[in-house]
Amino acid sequence: MRRDLLQLFYLVSAILFVMGLRGLSHPKTARRGMFLAELGMLLAIIGSLLHHEIIGYRWIAAGLVLGTAIGVPMAMWIPMTAVPQRTALSHSFGALAASLIGISEYYRHGAALGSVRVGVIGVEVMLGSLTFTGSLMAAGKLQGLIRGYPITWRGQNFSNLSILAAMLALIVALMFVPSSTAAFYSMVGLAFFFGVLFILPIGAADMPVVIALLNSYAGLTDAAMGFMLDNKIQIITGSLDGSSGFILSILMCRAMNRSITNVLFGAFGKVQDKPAELEGKKPIRQCSVEEAAELLGTSRSVVFVPGYGMAVSQAQHRVREVADMLKNKGVQVRYGIHAVAGRMPGHMNVLLAEVKVP
Amino acid sequence: MIDIGLIGDLYVFVLAGFLGYQVISRVSPLLHTPLMSATNAISGISLVGSLVVAGAGYNEISTLLGFVAVTCSTINVVGGFLITDRILKMFRAAGAGPAPGGGNAKGTASGSK
């Protein structure tokens with residue numbers, strides 16, 4: 001009876017999540033959509049608290065309080081330019097949670113699990129661990145704690161791929177010998193290591209794609225966790241999340257005229273490609289501030305193309321002021337925003353919205 | 001060999017993936033940042049699994065790992081939803097007039113007057 005009730009809670013919250021994401025298709029319905037999603041999350045949590053295996057609420061309450069105490073300040077006082085870092089950091093927390101639960105499941109059941117279940121746990125922990133370190137690296141690069149340019153060395157792609165192959169081989173080995181704890185824990189170690197190596201060769205400018213991809217991994221980790229615990233709501237949300245991250249990264253790569261493999265593995269080729277690309281383009285006219293002002297004043301139509309420079313120098317307020325002055329002169333002002341401008345998809349839109357630019 | 005529960009889960013996974021594709025494709029590029037923080041927030045659904053592990057008292061290590069996991073995913077949920085709301089609030093204040101079109105995925109100008 002209690003079990004059925006739990007599943008009903010999960011079903012309702014799954015529907016609420018989907019409706020919430022649907023709300024995001026338009027700015028007007030977006031907030032209502034998010035309210036639905038929040039409600040869904042609340043229901044899922046309340047439902048889980050009714051789970052028949054739970055005997056003590058002490059640790060749960062402590063975790064909830066501590067998490068809220070850390071999460072609220074992180075969300076409330078962070079400047080809008082730092083949203084990408086926060087998101088990356090948040091991904092890493094979620095992934096760490098998933099990875100820890102996977103480890104705990106393996107620790108608890110060990111060899112008693114069937115080979116299929118162990119395989120699922122292996123995949124879950126692998127994804128969780130590499131997303132954890134990968135997201136930490138991405139956040140570090142965006143924050144400037146780690147130098148942003150690509151760090152490469154000879155045979156990098158080869159060594160990364162062999163680590164990946166080794167992890168997969170260990171998981172397969174685990175499926176045949178579920179009791180081999182050494183294989184399990186070395187796989188976990190490799191996964192943490194792989195997350196770092198995976199992000200090192202990717203430059204800070206490509207981070208939007210990486211964050212979206214890590215978002216997708218975080219989703220897949222959730223889904224794998226759902227498989228592991230036989231929990232439908234986690235599979236559904238993980239799957240939604242995974243496809244969202246994946247679509248976003250593909251969209252951004254397309255906007256940059258690059259393939260996703262190029263972004264992830266192309267740190268070498270990129271250096272040589274660039275000069276050739278630039279030569280073909282129109283010359284850029286440089287001018288002084290006065291010239292620019294005069295030019296702007298006399299033109300009839302102006303298009304602002306904001307980039308990360310605006311975000312760094314907090315210039316969105318100035319942009320707004322200039323735009324207002326031009327509008328008063330009867331100049332047509334528009335904004336051209338590239339899909340990957342800034343450090344996150346749609347980042348520029350957010351910054352402009354901060355200063356109430358329509 | 002493969003138990004029936006896992007196949008059922010696979011059904012759910014694949015269908016939800018398709019649903020996700022359909023829903024996300026419609027999200028306007030204008031809202032990609034809130035979309036990301038929102039999916040980030042709901043990926044904190046790992047909380048529900050963590051809750052059980054933290055509360056079931058299987059053994060000390062599991063409880064400890066569960067506790068850390070509950071903390072981490074709560075950060076995810078709370079932080080994710082709060083910041084999404086903060087971002088969307090700005091859009092609402094801005095979008096009092098006709099809402100911006102948003103442009104398409106190829107990155108053309110999301111023009112408005």
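Helices here are DSSP runs of at least four residues and strands are runs of at least two, numbered from the N terminus.

**Figure 1. A first look at chain A, in a predicted model.** With that in hand, chain A comes out with 15 helices and two strands. Chain A has 358 residues, and 48% of them count as buried. If you take the contacts in chain A between residues at least 6 apart in sequence, 74% of them join residues at least 24 apart. As for the scores, the model gets an ipTM of 0.74 and a pTM of 0.74.

**Figure 2. How confident is the predictor about chain B?** The average pLDDT of chain B is 72, with 75% of the residues scoring at least 70. One stretch to treat separately is residues 95-113 of chain B, where the pLDDT is below 50. Even so, the model gives this stretch 43 contacts beyond near neighbours in sequence.

**Figure 3. Where chain A touches chain B.** The contact draws 104 residues from chain A and 91 residues from chain B. Which elements of chain A give two or more residues to this side? They are helices H1 (2-23), H2 (27-49), H3 (58-76), H4, H8 (207-229), H9 (232-255) and H15 (347-354), along with strand S2 (332-335). H9(A) supplies the largest share, with 18 residues. Sorted by class, the side of chain A that touches chain B has 59 nonpolar, 30 polar and 15 charged residues.

**Figure 4. Helix H4 of chain A alongside helix H2 of chain B.** Here H4(A), residues 83-109, meets H2(B), residues 32-42; their axes come within 10 Å and cross at roughly 20°. That angle makes H4(A) roughly parallel to H2(B), because anything under 35 degrees counts that way. The crossing of the two is left-handed. On the H4(A) side, look for A:Val83, A:Thr87, A:Ser90 and A:His91, which meet B:Thr33, B:Met36, B:Ser37 and B:Asn40 of H2(B). By class, this contact has two nonpolar, six polar and no charged residues.

**Figure 5. Zooming in on A:Ser90.** This serine sits in helix H4 of chain A. Is A:Ser90 buried or exposed? A:Ser90 counts as buried, because it has 31 C-beta neighbours inside 10 Å, and 20 or more is what being buried takes. Setting aside neighbours within four places in sequence, A:Ser90 is in contact with B:Asn40, B:Ile75, B:Asn76, B:Gly79 and B:Gly80.

**Figure 6. Helix H8 of chain A with helix H2 of chain B.** H2(B) turns up again in this view, with its axis and that of H8(A) coming within 10 Å and crossing at roughly 25°. H8(A) and H2(B) are therefore roughly parallel to each other. H8(A) passes H2(B) in a left-handed crossing. Which residues meet here? A:Ala212, A:Asn215 and A:Gly219 of H8(A) meet B:Met36, B:Thr39 and B:Asn40 of H2(B). The contact of H8(A) with H2(B) divides into two nonpolar, four polar and no charged residues.

Figure 7. H5(A), residues 115-143, packs against H8(A) at an angle of about 155°, with the axes 9 Å apart. H5(A) and H8(A) are therefore roughly antiparallel to each other, and their crossing is left-handed. Among the residues making the contact are A:Val120, A:Leu127, A:Gly134 and A:Leu142 from H5(A), and A:Met207, A:Leu214, A:Tyr217 and A:Met228 from H8(A). By class, the residues of this contact divide into 17 nonpolar, five polar and two charged.

Figure 8. You will find A:Asp230 in the loop between H8 and H9 of chain A. Most residues other than glycine have a negative phi. A:Asp230 is not a glycine, yet its phi is positive, at about 55°. A:Asp230 counts as partly exposed because it has 15 C-beta neighbours inside 10 Å.

**Figure 9. Helix H3 of chain B, mostly covered.** Including B:Ser46, B:Gly49, B:Leu51, B:Val53 and B:Ala56, they can be picked out along H3(B).

Conventions: Residues are numbered from 1 along each chain as its sequence is written. Chains are lettered from A and ligands numbered from 1 in the order in which they are written. This is a predicted model: local features need pLDDT of at least 70, side-chain atom pairs count only at pLDDT 80 or more; totals for chains, interfaces and linings use all residues. Axes are lines fitted to C-alpha atoms, for helices over the stretch in contact, and angles run from 0 to 180 degrees between N-to-C directions. Angles under 35 degrees count as roughly parallel, over 145 as roughly antiparallel, 65 to 115 as roughly perpendicular and the rest as oblique. A crossing is left-handed if the near helix is turned anticlockwise from the far one by less than a right angle, and right-handed if clockwise. Two residues are in contact if their C-beta atoms, placed from the backbone, lie within 7 Å. Ala, Val, Leu, Ile, Met, Phe, Trp, Tyr, Cys and Pro count as nonpolar, Asp, Glu, Lys and Arg as charged, and the others, Gly among them, as polar. pLDDT is the predictor's confidence in each residue, from 0 to 100. A residue is buried if 20 or more other C-beta atoms lie within 10 Å of its own, exposed if 12 or fewer, and partly exposed in between; C-beta atoms are placed from the backbone.
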